[in-house]
Amino acid sequence: MTTTLPDQATFAAEARAWLGTVASPRSEQRWGEGDDSVAVFENWTANQERAHTDAVSDYEKAKFDAGWGALTWPEQFGGQNLPVAYELAFRTVEEEFDVPRRTEMFSVTQQLVAPTIAQWGTPAQQDRYVRAMLRTDLIACQLFSETEAGSDLAAVRTRAVAHDDGTWVLNGHKVWTSGARVADHGVAVCRTDPDAPKHKGLTVFLVPMDAEGITVRPIRQMTGGSSFNEVYLDDVRLSDEHRLGPVGAGWSVALTVLAAERLDGAGLGLANADRAVELARHLDRPLTELEADRVADLVTRGFVQRIAGMRVAQTMVSGAEPGPEASIGKLLATDTMARTSEVARLLLGPELVADHGAWGRHAWTEHVLGAPGYRIAGGTDEIQHNIIAERVLGLPKEPRL
């Protein structure tokens, strides 16, 4: 049976009409007016993070219930079973409206964790979690990184030990966890077989963040805020129902999450790059030749990053899974962010660090201090280089001595 897809122009018009019932049209910000924040990571208190999370979740629930959420998902999870092109079309229209800005934890929940549970979860887990996460009734965070493991996820030391009563006891320490203060569940990669090769001895668990033995401690950033957290797991006891995927298959489960994570950075940093170009246009002095060259370079690189993002989107629209091009997009994004910082420093000089109340000046400190973190987040630059070298260029791996 052939299903007739809705006309995309009609689809976009209907989306615009619905969005008009829940949000106001986004007014074009004029230079010198409104919020001048260009922060890379939020600098919220726990109460501010909770309030913003609730606001986004309320909007996501309304969108889901009206049939505009989970557009590409099967009907069994509350979706519309539409091609990715319709999701991209809705996002384009959504940009026209002043809807609550989605933070990283919502991308983690809806675009990383929900698909992973749909692929690896039992039928009971799929019924319990997938729809709830797509609707944001449940919010998830990633319990992947550890201080001792660095970028080598397979080197995690957090232990999960099976007991005779069918339960697991988890002990360990996770770090750089976004949203841990507001998340309902954490996806934890744990070592379950210390004697197996490191990629073979891992298992993934869905950990309730209110479980006994969980302690969340915010990490103070250079910017003064606390977007990330440490999570301590001390004798956290879970039933086997919280295991995601087979015992020992944790590496494969984790790769499913990571593959989706690298797709999420295609447009990273572009808004602040555009803002830096506007800063150059609104200086109260002419640009030097060097400044003009750096600004032109930033504009050019922004176009290149956008083209790379379009290639990723085109691959998704065709039904294929983006591969190395997602890593290229991540590298372009972190490079754009670094060069945005360079332009801001060059244009502002001492005004960057001296807060004399001028709009759009001192605010750039938050970008300059936050941007380096994205060379680590979502897979380090070195990891992305390795993917490109091996999968695009076909270079041999360095022999191990």
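**View 1. Aromatic pairs in the predicted model.** The structure holds nine aromatic pairs, and because the model is a predicted one, the geometry in these views is computed from its atoms. One of these pairs is formed by Trp68 and Phe90, whose ring centres are 5.6 Å apart and whose planes meet at 20°, so that the pair counts as stacked, the cut-off for stacking being planes under 30 degrees apart.

**View 2. Surroundings of the pair Trp68 and Phe90.** Trp68 belongs to the loop that runs between helix H2 (46–65) and helix H3 (84–94), whereas Phe90 is part of helix H3 itself, and the pair therefore ties together parts that are 22 residues apart in sequence. Both Trp68 and Phe90 are buried.

**View 3. The edge-to-face pair of Trp168 and Phe205.** The rings of Trp168 and Phe205 lie 5.2 Å from centre to centre with 65° between their planes, which makes the aromatic pair edge-to-face. Trp168 is found in strand S3 (residues 167–178) and Phe205 in strand S5 (residues 202–208), so this contact ties together parts that are 37 residues apart in sequence. Trp168 has a relative accessible area of 8% and is therefore buried, and Phe205, with a relative accessibility of 0%, also counts as buried.

**View 4. A cluster of rings.** Phe11, Trp68, Tyr86 and Phe90 are linked into a cluster by ring pairs, and the stacked pair of Trp68 and Phe90 shown above involves two members of this cluster.

**View 5. Arg217 and the ring of Tyr232.** Here Arg217 lies over the face of Tyr232, at a distance of 4.6 Å from the ring centre.

Key:
Residues are numbered from 1 along each chain as its sequence is written. This is a predicted model: local features need pLDDT of at least 70, side-chain atom pairs count only at pLDDT 80 or more; totals for chains, interfaces and linings use all residues. Side-chain values use heavy atoms; hydrogens and water are left out. Rings of Phe, Tyr and Trp (its six-membered ring) pair if their centres lie within 6.5 Å; planes under 30 degrees apart count as stacked, over 60 as edge-to-face and the rest as tilted. Helices (H or I, at least four residues) and strands (E, at least two) are DSSP runs, numbered from the N terminus. Buried means under 20% relative accessible area, exposed over 50%, partly exposed in between (1.4 Å probe, protein chains only). A charge sits over a ring if NZ of Lys or CZ of Arg is within 6 Å of the ring centre and within 35 degrees of the ring normal.
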